[in-house]
Amino acid sequence: MSSCHVVEDPIKKVAIFGGTHGNELTGVFLVKHWLENGAEIQRTGLEVKPFITNPRAVKKCTRYIDCDLNRVFDCENLGKKMSEDLPYEVRRAQEINHLFGPKGSEDSYDIIFDLHNTTSNMGCTLILEDSKNDFLIQMFHYIKTSLAPLPCYVYLIEHPSLKYATTRSVAKYPVGIEVGPQPQGVLRADILDQMRKMIKYALDFIHNFNEGKEFPPCALEVYKIMEKVDYPRDENGEIAAIIHPNLQDQDWKPLCPGDPVFLTLDGKTIPLGGDCTVHPVFVNEAAYYEKKEAFAKTTILTLNAKSVRSSLH
Amino acid sequence: MCSLPVPREPLRRVAVTGGTHGNEMSGVYLARYWLQAPGELQRPSFSAVPVLANPAATAACRRYVGRDLNRTFTSTFLTARAHPDDPYEVTRARELNQLLGPKASDQAFDFILDLHNTTANVGTCLILESASNVFAMHLCRHLQLQSPEPPCRVFLYQMPREETFSIDSVAKNGMVLELGPQPQGVLRADLLTRARALVAAALDFIQLFNQGTAFPAFEMEAYGTVSIVDFPRTDAGDLAGAVHPQLQDQDFQPLLPGAPIFQLFSGKDVLYEGGPTTYPAFINEAAYYEKGIAFFQTEKLTFSVPALPALAPAPTPAP
């Protein structure tokens, strides 16, 4: 094997998760639809399993019941002794790990797509957890190219402290799909159509790969997380300023030192400090108020992937 | 048309309520702010009282905890004996009825302005029970003239012979300010600024009236509820499709027979087969999925609103 080629086993088992957050409705309804009529997600020789990950939260149309399911797939929670006293989502995480994992083992699913929505104006976003994963970089490059001229961004969450233990991390290749803006508890046809296309192109890529197509080396622009920024808060912990109108809906765009970031009710503008231009993401996401995240700062990197092809050919 | 009597006394007891639905953030945030800094709600003839209507739902950032507070101000709930199993909002409605009412009594507040947000693209929407409320119609007119952009529309929600049920019905007079689109649990600066300016303009109007200003008659368009349309559903009651992209965000725009209203997950379109042109409102509001409402069908009506006479000058106190 030459150093600029990666030869990998064909992909056999893929899962598509919806309802990891029960009020992000695009994934909920796409998965429910595919459970009834899955023709559009089937590809020859590939097992594709649609799955509702947090059915109780879906039923209540809430993000979670006891705790955020998308943060508990770490060794500690997955290794806890099963008990009725555990939070619902921790018990559910162990079930999911049993069905689609175990995480980090040979038996785990090859790829899990986890479908999410955000209230932020992020458009079509793919979330990458590992910058050295040639296969996923190639897949994201394929999806991005296929969606053009519709923009598609890649958010890299590889970080020593900010990376979190996602539901999809049970698989060998975890893929987060995030489309916005869409309010919680609302289903928008335009957003549904975009997410559906992202899944179609992802499955087409896997199919082509399994069929023996070789994907030449490629470069992918990604936005790597640097830091989470909280709202200014008063002494009681209440939010003391809100996202400035100039920053609202400006996800991915450059934000320079001195640019307005927050606005207080007394009319005071709080600008970006520091000395470097950043690219904000998850600006004003509803679910992140409680996580103390008004937005995340990212920086642009280019990742280079080697050529990949399947080992069967 | 039977008109509600116009006030013959100055409106001294005015409340501005926010957080009636705990995840509609403009009102939540403004009410909290005014509870700390009420100066903005003061006028020479009165001081409006800020009220955080549903503190438990606000703390949980949910519409409600037990049941929708804004459907709980009916005589059944307000007059029934208190019971330990009552949903939180039933207890809270009785508290608010004590604070701001009692409903339909002489002691009730003169005016309640209730602040809401919607995920629907309604822009600025002023909601009244009916056009027979001459004072509130003049207030709407004043707000339309004060803030022409985006359009400030008047929506009449009351179905005939229906008992009033919302928080503003506790006062002698009231109105709802509904701004959208804004997701639940999100604060947008643009909508917050607009809500704040509209509240200031509403209080200014009450001040003008209290100090003896007369307002001439006018004609006004308003949208009256005709019926509700539910989503297409599966046999199990689940959604079978979404609001059609051509209808999404088109609140108050004419919808003609034959136009698509839903897109099924199978890809097929559902068309509007109604008779006359309708004006859909509250299209794809998150909180209405559970109520079986994809949108309201409204009709555009024109009302002739009579003049609002000036208050008689207060009698000079005897020396």
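## Disulfides

A disulfide is a pair of cysteine sulfur atoms within 2.5 Å. In this predicted model, zero disulfides are found over all chains.

A:Cys276 counts as partly exposed because its relative accessibility is 38%. In chain B, the sulfur of B:Cys152 has its closest cysteine sulfur in B:Cys140, at 7.2 Å, which is also too far for a bond. B:Cys152 has 7% relative accessibility and therefore counts as buried.

## Extent of the interface

Chain A brings 29 residues to the contact and chain B brings 27 residues. The area buried between chain A and chain B is about 2,500 Å², and carbon and sulfur atoms account for 59% of that area. On the chain A side, the residues that lose the most area to chain B are A:Leu187, A:Ile242 and A:Leu265. Together these three make up 26% of what that side buries.

## Polar and charged pairs

Four salt bridges are found across the interface of chain A and chain B. A salt bridge joins A:Lys32 to B:Asp238, with the closest N and O atoms 3.1 Å apart.

## Make-up of the chain A side

Three elements of chain A each supply at least two residues of the side that touches chain B: helix H1 (25-36), helix H6 (189-210) and strand E9 (241-243). H1(A) gives the most, with four residues. Sorted by class, the side of chain A that touches chain B consists of 17 nonpolar, six polar and six charged residues.

A:Ala287 sits in the loop of chain A between strand E12 (279-281) and strand E13 (295-305). The relative accessible area of A:Ala287 is 6%, and residues under 20% count as buried, so A:Ala287 is buried.

Once neighbours within four places in sequence are left aside, A:Ala287 is in contact with A:Arg63 and A:Gln184. The C-alpha atom of A:Ala287 is separated by 8.5 Å from that of A:Thr119, a residue 168 residues apart from A:Ala287 along the chain.

Terms used. Residues are numbered from 1 along each chain as its sequence is written. Chains are lettered from A and ligands numbered from 1 in the order in which they are written. This is a predicted model: local features need pLDDT of at least 70, side-chain atom pairs count only at pLDDT 80 or more; totals for chains, interfaces and linings use all residues. Side-chain values use heavy atoms; hydrogens and water are left out. Contact means heavy atoms within 4.5 Å. Buried area is the accessible area (1.4 Å probe) that two parts lose on being put together, summed over both. A salt bridge is a side-chain nitrogen of Lys or Arg within 4 Å of a carboxyl oxygen of Asp or Glu. Ala, Val, Leu, Ile, Met, Phe, Trp, Tyr, Cys and Pro count as nonpolar, Asp, Glu, Lys and Arg as charged, and the others, Gly among them, as polar. Buried means under 20% relative accessible area, exposed over 50%, partly exposed in between (1.4 Å probe, protein chains only).
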